[in-house]
Structure formats: C-alpha cells, structure tokens
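Take a look at the model below. We will walk through it one part at a time.

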Amino acid sequence: MEITYFEEIKRKLVHLSSLWMVIVTLLVDSQLARVLLFLGILLFVLVSEHSYSCNGRYLGRLYGVIFGRMLRARANPGQWIVSGAAPVLAAAVIVNLMFPRHVAAMSLAIMLVGDAFAALVGRRFGRTKLVDGKSLEGTLAFVASASVAMLVIVCACRLGVGMFCLALVGVVTGALAELFQKSLKADDNVVIPLVSGMGMLFAALVTDMVLI
C-alpha cells in the first residue's frame, strides 16, 4: 500500500528520532549495557506490535493511534505486521555486538539519516532512475546528509580527520547498500549499518588505523 507523502514524512521523522540510539552508543561505555538496553526495547516493540495485530485493548490501541496510519500495510485481524522499528533496534543490537563503539554509532547514524533523506528527496525530486526504482537524486541526498552527520559526530567526539575519512567510506558503502537493497532482498535498516560498519573496518585495516 502506497502511503501519502505526508505520512512518509512522519515515518521518517520517527526514523530520525531513533538517533537517540547513536547518542546512547557514544555515551555508554559498557557494551553489555548498550546491547541489553536495545534488546529490551526491541522485545517491547515486538510485544506492542503483536498486541496491535490482536486488537489489544491498551497497548495495541495505543500503538495503533500513534503508528497505525504510518504502516505501509494494513493489518488484517490476527496479522502481525512488523514495522521498521524492530529492524532498527535489531541493527543497534548487532552493530554494538560486532563493531567498536564509534563505528557502531556511525553506522547507525548513516542508516538513520541517509535512508531518511534518500527516501524523502527521492520520492519528491527523483527523476534520474538508477537501480530498482531508486534515483540518483535520492542517492546523492543519502551521501550528503550522512556525510554531514559523520562530520557532526567526528567534531563532537574529537575523533580527527582520519576517522572522518573512514566514516566517509562507511557513507559510500552504505549508500551502495541502500541502492541495491531490493536486489539483495534484505531489510535496509539492517543491511545499511552492517555494510557501512564493515566498510569502515576494512578501511581501518587497510590504513592500519586503530579504532575505539
């Protein structure tokens, strides 16, 4: 089901609100604490979505009021539709398990910021089609917005020029993952941060840079 552009904006604002996960990843030193926090919220979201599918009196209704119109598909009675929030939280768990803290935070930010701007710009201004309906305009919006996000993180955390260069590698690999996401038949909320993080790790390995 095609949602309106206004609802798409609301969806992407919710998407961008998940940047709190980037902040938590940067501020919380304990890897275990970060993973348990994101995992706990993931389980709560899944329970809420299941309650919505079952017409739950309290949690299900609240979820429906807030997020129901933003779902790309309407839930039939008893049909459990998993929204984009669950894959985002799953990605937060995975990258915090796999990558150093700053790489994990950057890979999440690349996905959250880049994907949001790619969708909004591509849907409204996309004219030059590339792959699977994705547009050049949307891809450029991904790269530009995610690069700005990387600059903000690097400056805020005083990570240096070298780390910014690694982050740009993550932006480019993430943009490619977003571009070919439909061909890969994978959820972009998961594949983008994974590919971005692996791109940064590979670049660090090649340049012999120590990541923290």
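Start where two helices cross. The crossing of α8 and α10 is right-handed. This model is predicted, and the values that follow are computed from it. Helix α10 covers residues 188-207, and its axis runs 7 Å from that of α8. The angle between the two is about 140 degrees. An angle over 145 degrees would count as roughly antiparallel. The pair of α8 and α10 is therefore called oblique.

Now look at who touches whom. On the α8 side, the contact includes Leu166, Ala167, Val169 and Gly170. Further along α8 come Thr173, Gly174, Ala177 and Glu178. Their partners in α10 include Val191, Ile192, Val195, Ser196 and Gly199. Sorted by class, the contact of α8 with α10 has 10 nonpolar, six polar and one charged residues.

Helix α8 has another partner. Helix α7 spans residues 136-157, and α8 spans residues 161-179. Their axes lie 9 Å apart, at an angle of about 150 degrees. That angle makes α7 roughly antiparallel to α8. The crossing of α7 and α8 is right-handed. Among the α7 residues in this contact are Phe142, Val143, Met150 and Leu151. Among those they meet in α8 are Phe164, Leu168, Val171 and Leu179. Here the classes come to 13 nonpolar, three polar and one charged residues.

Next, the cysteines. How many disulfides are there? The count is zero. A disulfide is a covalent bond between the sulfur atoms of two cysteines. For Cys155, the closest cysteine sulfur is in Cys157, 9.7 Å away, which is too far for a bond. The cut-off is 2.5 Å. Is Cys155 buried or exposed? Cys155 counts as exposed, because its relative accessibility is 53%. Cys157 is partly exposed, with a relative accessible area of 28%.

Finish with Phe38, in helix α3, which covers residues 31-53. Phe38 has 0% relative accessibility, so it counts as buried. What does Phe38 contact, leaving aside its neighbours within four places in sequence? The contacts are Trp20, Met21, Val24, Thr25, Leu89, Ala92, Val93 and Asn96. Compare the chain with the fold here. Phe38 and Ala90 are 52 residues apart in sequence. In space, their C-alpha atoms are 7.6 Å apart.

Notes: Residues numbered from 1 in each chain as written. Predicted model: local features only at pLDDT ≥ 70, side-chain atom pairs only at ≥ 80, totals over all residues. Heavy atoms only, no water. Axes fitted to C-alpha atoms, helices over the stretch in contact; angles between N-to-C directions. Helix = DSSP H or I, 4+ residues; strand = E, 2+ residues; numbered from the N terminus. Parallel < 35°, antiparallel > 145°, perpendicular 65-115°, else oblique. Left-handed = near helix turned anticlockwise from the far one by under 90°. Contact = heavy atoms within 4.5 Å. Nonpolar A, V, L, I, M, F, W, Y, C, P; charged D, E, K, R; others polar. Buried < 20%, exposed > 50% of the residue type's maximum accessible area, 1.4 Å probe, protein only.
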